Every structure is written in C-alpha cells, then in structure tokens.
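Hello,

Here is the structure for you to look at. My notes on what turned up follow below it.

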Protein chains: 2
Amino acid sequence: MTGPTVAVLGGGQLGRMLALAGYPLGLRFRFLDPSPGGPAAQVAEQITAAYDDPAALERLADGAAVVTYEFENVPVDAARMLERHAPVFPPPRALETAQDRLSEKTLFDRLGIPTPAFVPVDSEEDLRAGLGRTGFPAVLKTRRMGYDGKGQMVLREPADVPVAWRALSDGAPLILESFVPFNREVSIIAVRSRTGEEVFYPIVQNRHEGGILRESLAPAPGPTTPAVQAQAEEYARRVLEATSYVGVLAIEFFEVGGRLVANEMAPRVHNSGHWTIEGAQTSQFENHLRAVLGLPLGSAAPVGVSAMLNLIGEAPPLAAMLAIPGAHVHLYGKSARPARKIGHLTILAPDEQAIIPSLSRAREVVRNSG
Amino acid sequence: MTGPTVAVLGGGQLGRMLALAGYPLGLRFRFLDPSPGGPAAQVAEQITAAYDDPAALERLADGAAVVTYEFENVPVDAARMLERHAPVFPPPRALETAQDRLSEKTLFDRLGIPTPAFVPVDSEEDLRAGLGRTGFPAVLKTRRMGYDGKGQMVLREPADVPVAWRALSDGAPLILESFVPFNREVSIIAVRSRTGEEVFYPIVQNRHEGGILRESLAPAPGPTTPAVQAQAEEYARRVLEATSYVGVLAIEFFEVGGRLVANEMAPRVHNSGHWTIEGAQTSQFENHLRAVLGLPLGSAAPVGVSAMLNLIGEAPPLAAMLAIPGAHVHLYGKSARPARKIGHLTILAPDEQAIIPSLSRAREVVRNSG
C-alpha cells in the first residue's frame, strides 16, 4: 500500500500538521518551499525552490494525486500552472480572491455577508474621501500579503491620515475599512469535498494580541453562540458554493451585538482550527486531505471543550507543558524568534467548568516564556 | 527548537507510530532497520543495516538523547553496546528476559504472577516427561523469536508428541506449557518513566485468530473487568519495579474464572494498545516517549469506548473505512501480503451501546477484504 502522494505549496507548520494527519491514511507528501529545513521538511520530502520556479513546480506535481497549499500567498500563476499536471484544490480562483482584501470583501458583499464598510485606496485623496464613508476610527490595510497584523494601521483622527499614508503607501494598493466595535472575534472552519459534501466545525472564540492569534476557545462559549453558529455556517456555505470550493476554508468574523461581520477568509487550514487535532472527532488537517482527495469527510463534532494557546517567540519547557492535565503539546521544529509562532498547546477537558484549572495553569506557563 | 533525537532499533509500524506521536513534541527520530523503505523510513531518517553492525549502531546513537526499540527480537548485545553511547530504555535486561519464554515465565513465577505450568524442553524425553506435569492439551513453543502464533503447536494426545517434536525441534530450545482453558484474553499496557512515575491503561479484551490479534475492545467490557483490572495493574507493577523498567510494557493474560494467568510480555509499545491513539487521553506511543525521556507521563484514561481491528493481508478501500462513523484509519505503508499486519482501524464511540452499529459495519468492511 504505497498510497497517493499529496503535493503541497508551502512547507511551514500547517504543512507539517497536514503530513502528520495524512500519514495514518497511508498518504505520501511532497512539499515545495523556498526555505530549507522548515517544519514540513523535517517530516517529509521537500523541494527547496522558489514558488515560481517552473521546473520545481513540475517536480512537485509529478505523479501527485492532488496539489494543495498551506500558505495563501503563493503566486496564483504557480497554482494555475500546476493544474496542467494534477488537480489543484482549493481552486486557484478562491486563492486569488483571498489574496486580495478588496476582492475578498467584494465577494462577501455580493453574497450578502455583512462586512465592515470598505473602499479601495490608491492615493491620499482616496483615503480622505474614503474616511467620509467609514468615519473614524478606521483601519487602513495593504490589500495583499498582510498577516499576523502586519500591513495595517488604525486611524483615529484626521491627523493620522498623512502618517498612515506614509507608513503603508509604497505603491501597493490599499483598502480602508471601518473599525468594527466588536464584542468578540469568532471564526469558523468549513470543509467542502470534491463530491460536494460539507461539514462545519463549531465556531471558535479568538483572542488576538498585536495582531497575532493568542488563544482560541472551542466551541465558543456564551449564550449567543447557537445563533451565531447558524449565521457562520450559512455565510461559509455561501462562499463554499459560490467558489466551487474544495478543502478547508476558514472565515474570521467580528461578533457585534449577536450578529456576524466578516473580517477575512483563508483558503487553507487555519490556526484557529488547531484545537481540532485533539478536540474534534476529525481534525481540520485530516478533513482537508479527505476533501481534496474526494474521500468521505469525518465528523466535525467536538469531543469536549478545548483551549488552544499559541506559543509565540519561545517555547516554555516541555516538561512544564506536559505536566498540565489535559495538555497536548505541538512544537513545529522552528527556532525561537520574537513574534514567531513556534508551537501551540491544546487543553482538552470534558466541559467548560473542568477546563478552568488547566487553562489557568497553561496561561501561566505560556506567559512565563514567550 | 530542534528537539532531542530519539534513536529506535526497528523500523516497522510501531516505529512509524512512535515518530508520528513524537513529532508534535518537537522530537527528531532516527531508525535502524535491515529493510529499506519500511513504515518508519517513509516518515523519518533510517539507517539501513543489520542490527549487529557496529558502525551502524554507532551512527544510530550519535547525538541521540535516548535509544529505544520497537521490536523485541533485536540482539541484546546491540542494546548493550548502544548503552556506551546513550541511555537505552527499556533496560536491555528486560529485553533479554522477554526474548526467552522460559526466563519470562520464570520471572512471572518469582514475582507471584500466575502462569500456565511450564517446563523447558530440550529433548523428546523432556517433552514426554513435561507432559506428565502439564497434562493434555499442552502447547509446545520455541523459547525465542515466536510471534503472531508462529513457532508453536498444540498437543492434544500422545500421538501428537512425535509430530510436534519433529515440527519444532531443530536445535532451538523449547518450552512446554499447559493449555489454559480461558474465558477470554486480556492485556494491559503499563508505563514507567525514568523518574519512577507509573500509569496503567484500562485492560483490553483481545481476540486472536490463527495466532494473530484481530480485534481489541477497550476498555475490556464485562462484569469481571474491575477486579481483573486491579490484578493486571498489580502484576504489571511487580514486573515494572523488579526490572527497573522504563517505557511501555505490555502483558497479555488469560482470564480464567475471574483470575488472570500471564501468557507473555512485550517490552515495547503493543498492538493491543493501538486504540490509545484516539481512545485514550495520551497514546501509548506518546507515553513511551515521555517515559524514556524522563518527561511527565500523560493520563491513560479512556475518552470513550474503542474497538481496534487489525487490517491483515490487504486493506479495504480507504473510502469504505472512512465512511464508518467514528472510524480512524491507520495504514502502515506496507504492501499487501497474506497474514501481514498492514494497518488498523479504530472505532471510537461514547459508550458500549453507541459503538455497536459502527463496529458491526467495521467488521463487515474488514472481513470483505483481508
């Protein structure tokens, strides 16, 4: 049984976790990443080359049953080129849409999914005019390549306009969005298979700090969750079906007075879904693989209550983490560096009461390093 | 964070599952196995050489934090030689004891753990004399290298004596054991860490066919289980402590009228513990790694009710297995071959009632291939 080979653009921790989820299914993996020795290369074959190297792309796809990505800022042209050699999922069009905040928000808008007010900004005049629509505060963002809070600035008053403009405008197109005074941030992981089968994970409550995800609680606690779950599934379904999506799709929302406002989407497995490795009947990684290979999807039901804490910068001692009841440690094989996601810790417990002591201890352990 | 390297003698499916359990902890793996391209080599670095190749053993241990094994028939001398370069766990003495059915049963006996009546057999006269002690039926076994029912024969009447003697005696030492009319077969997975910490998994009920494990139910169902669990833990504790054991130890028992009779032990992770990957809070593979590295052990509590079915010979179609609710598929990357363990399927459900429909379906799917 040498199973099918899955080729993956990108070789970071998401790729590593895809491989670890796929090996038990008998799958083989081949990654393409410009950096040698990264998280995926430590556990699978990697071609180390630029994402736009045609020979490398051909080698990547050679004999692969399917090509997918674990990083959404790969060149869309590379994904399109790969389509000549093997099926590529999620579809490159969905990748293209998600790479540009303007086309992403335009898609949400067209599908009746609430978003912050948004206007494209190509000049300081556009910015001033746009603020007439959004009001203050507003957020100016690069349309492309932003992640972990990079490439964005909050404008609180007219004096911020020239500052933000100078900071972000270097020829790259921008987008201005109204600032959403949210009650909380939630996200949903949705999966659609090549056969059209769909599953939705319970929504998760996320806490960011400095633009970086710190903690996810799954399922999202609180009385508004059932109503908001239904909204999130409905919105995710619209995106899945409008884009003929295949694979895992993550959508991040602001919750405002019990209603969801879409912030952004990611056409891949997502940090806010890492809890599913232990906390759901089937992990987002396994379901992504099942989806792109056209295999039956697994249940997305939770098996208890989970809290996922990112390990940022530096990892606490392994023994301290493993001593926490219900803790599951995930290190990505990356060296320590400020603001770098080098691992995560998932705490699993039977219910919201039972998780409290372990979660407090985990927060303590994580706070004392990082 | 490039974590410690774990060196492993043997590169079969147990090694593969050790690596898959250890990667999330940031561990690196290096295997030694005489066959190239096996289950572990597909997911980690492997040195392909004989187990008694001194240069290969040195390379295996080079820079390793610990050496362990996933196969108990490695030469004890190799394990002893490795001790000059790195800590070797489980201790080579425990390996040596488990390799010989006579020393294994002698140890059980010395520790007050019931066993079948047993006598060493080195000649046909020994065999006839031994039958005076065991009576009929009895089982004649090679003392070494037996697995999956190989190297043993049941003697039901005096006429079987010369037949069995001819079949098994080729100079190798033998052991004659009384046949135990058991109610069922159960096993326990016990773990002891370098720090002396111990955990015990719930006992499992096993069904063998033709000497090969077919199915394990975990925790073992039935009214005698609590009493038998206590006996199994007590017996396992005696072996762990008498041998200064470190790592996972599996002991297989016959249950006879609510009392346990020890059949054999394995100084490694064990097929009857595969259910722990999804069915226990911490898998046997992760706990073995934690134990040999001196890290805190994880809880051995079950998270529901599990059934593990071995995939023997040939695997059913992946889609058929994944369509079973609660199914988790594990393929080892081995080619099909009669009587070969090429994977396993674990069905996880909240309770004994809930598992019935999925387990019936899984048995059907597995029966139709294999």
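Start with L249(A). Beyond its neighbours within four places in sequence, L249(A) is in contact with A190(A), A236(A), V239(A), L240(A), M265(A) and P267(A). Bear in mind that this is a predicted model.

L249(A) also stands out in the largest nonpolar core, which has 211 residues. The residues with the most contacts inside that core are L249(A), I251(A), L249(B) and I251(B).

Next, helix α8 of chain A. The helix covers residues 225-242, 18 residues in total. From first C-alpha to last, α8(A) reaches 25 Å, close to the 26 Å expected at 1.5 Å a residue. Its buried residues are V228(A), Q231(A), A232(A), Y235(A), A236(A), V239(A) and L240(A). Seen down the helix axis, they fall within an arc of 165°, so they line one face of α8(A). What do the buried residues of α8(A) pack against? Four strands of chain A: β9 (184-192), β10 (198-200), β13 (247-256) and β14 (259-266). After the helix comes S244(A), with a positive phi near 50°.

Helix α2(B) spans residues 54-61, and its buried residues are L57(B), L60(B) and A61(B). These fall within an arc of 85° seen down the axis, so they too line one face of their helix. The cover over them includes β1 (5-9), β2 (28-33), β3 (45-48), β4 (66-69) and α3 (76-82) of chain B. Just after α2(B), G63(B) takes a positive phi of about 75°.

Now chain A as a whole. The chain has twelve helices and 17 strands. Its radius of gyration is 20 Å, close to the 21 Å that the globule rule gives for 370 residues, so chain A is as compact as a globular protein of that length. Its C-alpha atoms fill a box of roughly 65 × 50 × 40 Å along the principal axes. Buried residues make up 53% of the 370 in chain A. Of the chain A contacts with a separation of 6 or more, 62% join residues 24 or more positions apart.

Last, the contact between the chains. Chain B gives 29 residues and chain A gives 29 residues. On the side of chain B that touches chain A, the elements giving two or more residues are α11 (318-322) and β16 (327-331) of chain B. By class, that side of chain B has 19 nonpolar, eight polar and two charged residues.

Best wishes

How values were computed
Residues numbered from 1 in each chain as written. Chains lettered and ligands numbered in written order. Predicted model: local features only at pLDDT ≥ 70, side-chain atom pairs only at ≥ 80, totals over all residues. Expected span 1.5 Å × (residues − 1). Buried ≥ 20, exposed ≤ 12 C-beta atoms within 10 Å, placed from the backbone. Arc of directions from axis to C-beta. Contact = placed C-beta atoms within 7 Å. Core = buried A, V, L, I, M, F, W, Y, C linked by C-beta atoms within 7 Å. Nonpolar A, V, L, I, M, F, W, Y, C, P; charged D, E, K, R; others polar. Rg over C-alpha atoms; globule rule 2.2 N^0.38 Å.
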